[in-house]
Amino acid sequence: MSGKITFTMIKPDAVEANNIGPILSMINKAGFKIQAMKYMQLSKEQAGKFYEVHKDRPFYGELTQYMSNGPIVAAVLSKDDAVADYRKLIGATDPSKAEEGTIRKTFATSIAANAVHGSDSDENAQIEANFFFSQLERL
Ligand code: CMP
């Protein structure tokens with residue numbers, strides 16, 4: 001079995017559309033527990049640091065601009081096989097390719113405004129959770 005945590009953000013498009021509640025409901029119904037959570041707005045620099053791995057991609061400027069454009073919800077989620085199971089729940093990065101019933105198919109409007117982020121590996125889940133939360137803020 002793989003790791004027990006993953007990291008997610010509910011992105012500015014989903015917050016703006018009042019979809020925090022419905023998305024958290026899908027997360028809970030899929031069996032994830034919330035280990036830590038905060039509502040905040042990233043600066044462009046903070047978004048740039050979080051997405052540094054994409055800094056050479058053509059969409060990096062758009063991504064960091066977009067992610068700092070409004071409030072987000074950041075959370076650490078726990079469940080067995082958290083990373084893989086959460087990626088199944090959120091669906092493909094491009095919502096037009098996401099399966100029916102996934103969070104992105106349900107709420108996302110484009111590849112940039114794709115409603116949620118989910119960690120892509122156990123290692124990145126730890127790095128991303130530590131980027132947003134101190135030990136004191138995690139249960
Ligand atoms: P996320 O899972 O948060 O990880 C990186 C993000 O970059 C991704 O979701 C998308 O929102 C964004 N992204 C990936 N590819 C593109 C693209 N071609 N154009 C704009 N944004 C993209």
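## The sheet

Four strands make up an open sheet, and their order is E2-E3-E1-E4. Pairing is antiparallel. The model is a predicted one. Strand E2 (33–40) and strand E4 (116–118) sit at the edges, each pairing on one side only. On average, neighbouring strands of the sheet are turned by 15° against each other, direction ignored.

Strand E1 covers residues 5–10. Three bridges join E1 to E4 in the antiparallel sense. In this pairing, Ile-10 of the chain stands opposite Val-116 in E4.

## Helices on the sheet

Helix H2 (residues 20–29) lies across E1, E2, strand E3 (72–78) and E4. H2 runs at about 165° to E2.

Helix H7 (residues 122–132) also packs on the sheet. H7 touches E1, E2, E3 and E4. The direction of H7 makes about 55° with that of E1.

## The ligand site

Which residues surround the ligand? They are Lys-11, Tyr-51, His-54, Phe-59, Glu-62, Leu-63, Thr-93, Arg-104, Ile-111, Ala-112, Asn-114 and His-117.

For Tyr-51, the distance is 2.6 Å. For Lys-11, a polar side-chain atom lies 2.7 Å from an oxygen atom of the ligand. For Asn-114, the corresponding distance is 3.3 Å. The ligand on its own has 450 Å² of accessible area, and the protein covers 81% of that.

Technical notes:
Residues numbered from 1 in each chain as written. Predicted model: local features only at pLDDT ≥ 70, side-chain atom pairs only at ≥ 80, totals over all residues. Heavy atoms only, no water. Pairing = 2+ DSSP bridges. Helix = DSSP H or I, 4+ residues; strand = E, 2+ residues; numbered from the N terminus. Axes fitted to C-alpha atoms, helices over the stretch in contact; angles between N-to-C directions. Contact = heavy atoms within 4.5 Å. Near = heavy atom within 4 Å. Polar contact = N/O pair within 3.5 Å; in protein donor to acceptor, adjacent residues only side chain to side chain. Areas by Shrake-Rupley, 256 points an atom, 1.4 Å probe, with all protein chains shown as cover.
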